[in-house]
Amino acid sequence: MPANLLVDTLSYKDMVFDFAFHPTLDIIATGLITGHINCVKYAPGAGNNETAWSIRPTKKSCRGLAFSNDGAGLFTVFKDGAIRALDVNTGDVLIKKSDAHDNPINTVRLLTETTLATGDDSGVIKLWDVRTGTEIMQYTEHDDFISDFDYDTDSKTLVASSGQGTISIYDIRKPKMLAMSANQDDELMSICIVKDRRKVVVGSQEGVLNIYSWGDWGDCTDRFIGHPNSIDTICKIDEDTVATGSSDGIIRIIDILPNKFQGIVGEHEDFPIERIKLSHDKTFLASCSHDDTVRFWDVRHLTSEREDEDDDSDDAKDASGDKDSSDDDNDDDEDEKPGNNGGGTMDVDSDDSDAPKKSNNRRPKKQAPAASNPGFFDDL
């Protein structure tokens, strides 16, 4: 690719635990092991990245962050169990909710415009009303760290993966868990809803992608092997394709049902990948790793190929008339075909600023009030 179409790598002196893309603008926020949070305006071309601000609200590591829906604020979570809300324009800490969790918060996700989900190292999941800062739900079924979340807007369903080897399912309108899977005897590190909410893909410490059928949560219905190391992060490219980030430093593209390895997007040499995410315009896939960088990978070819396939399919339908009902049956059967057959131990987290750097060992994983929500956490 021509150099003028590439985005420069973001390099830091310390490890990046998580990052988030702005929902509408070419802005990325990064959270570091030292507690630093950085906001960068990125642009293709050498030397075009611009740091908007950098702050260090605490010496405890920033475990996760995500933008509010309108992009005016940023939610950040930390090892000390606190949630902080930042102004995206200035980096000012607008609100700090101390002791939001009794244990280090490991992951965060904005579910709706007003609902934030957080999960900690002890397995506790909490839902927050961002308008008032009040806790509206708490789930305590897990006994090990919450590694990742995904959320389906239509059914208002939150799915969570955990270090105890199970996934859990919640209707966020209800106080009790809907279901929990059988224990896989393996730490589950990442989770992603695909196939128009028909499947859930879960990455494991042993490098197996476990595939669950929606509503059939007892055990996975398919497995895809091939990753030589743990699958620490998953990002959906489209409903049929995911990108996986592994502790071997490689970002792979995987088709789901039929399961197929498509290729490699990029790599961080031998450094484990912490997180991969897709930019708001689906132009770039970004990844952060133990090499203290955030790297950008152009993935327009992946989305354009899928769009071309969809266009060809639509043209075929127009030429041949309505699709026969038997085609739907065949598609469903293919989804249920058994795939490949495929436990591990996670090292203790050491993410204070004086922690040793560049370890190849994996740690437990991990949006800010909009200006229009001045009451966020105002109970403090």
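Predicted model: local features only at pLDDT ≥ 70, side-chain atom pairs only at ≥ 80, totals over all residues.

Reader: Which other ring has a charged end sitting over it?

Author: That would be F78: the charged end of R84 sits over its ring, at 4.7 Å from the centre.

Reader: Back to F19, then. Is F19 buried or exposed?

Author: Go by the relative accessible area, where under 20% counts as buried. F19 comes out at 0%, so it is buried.

Reader: And how do I read two rings together?

Author: A pair of aromatic rings is described by the distance of the centres and the angle of the planes. Here there are 8 aromatic pairs. Take F19 and F21: the centres are 5.9 Å apart and the planes stand at 90°, so this pair is edge-to-face.

Reader: Which ring does F21 pair with at 6.4 Å centre to centre?

Author: F296. With 65° between the planes, that pair is edge-to-face too. F21 sits in strand β2 and F296 in strand β28, so the pair ties together parts 275 residues apart in sequence. Both F21 and F296 are buried, F21 with a relative accessible area of 10%.

Reader: Which residues make up the aromatic cluster?

Author: F19, F21, Y42, F284 and F296 form one cluster.

Reader: Now the nonpolar core. Which members should I look at?

Author: Look for the members that touch the most others. The largest nonpolar core has 15 residues, and I28, V294 and F296 are the ones touching the most other members. The elements giving two or more residues to this core are β2 (16–21), β3 (27–32), β27 (284–289) and β28 (293–298). Another core, of 14 residues, lies apart from it, and includes I37, F67, L86 and V88.

Reader: What does V294 touch, leaving out residues up to four places away in sequence?

Author: With those left out, V294 touches T9, L10, Y12, V16, I28, T30, A286, S287 and C288.

Reader: One more: what about a lysine that isn't out in the open?

Author: Check its accessible area, then its partners. K126, in strand β12 (residues 125–129), is buried, with a relative accessible area of 10%. Its side chain is joined to that of E135 by a polar contact of 3.4 Å. Not counting residues up to four places away in sequence, K126 touches E135 and others, among them H101, L116 and M137.

Note on methods: Residues numbered from 1 in each chain as written. Heavy atoms only, no water. Core = buried A, V, L, I, M, F, W, Y, C linked by side-chain atoms within 4.5 Å. Buried < 20%, exposed > 50% of the residue type's maximum accessible area, 1.4 Å probe, protein only. Helix = DSSP H or I, 4+ residues; strand = E, 2+ residues; numbered from the N terminus. Contact = heavy atoms within 4.5 Å. Phe/Tyr/Trp six-rings, centres within 6.5 Å; stacked < 30°, edge-to-face > 60°. Lys NZ or Arg CZ within 6 Å of the ring centre and 35° of its normal. Polar contact = N/O pair within 3.5 Å; in protein donor to acceptor, adjacent residues only side chain to side chain.
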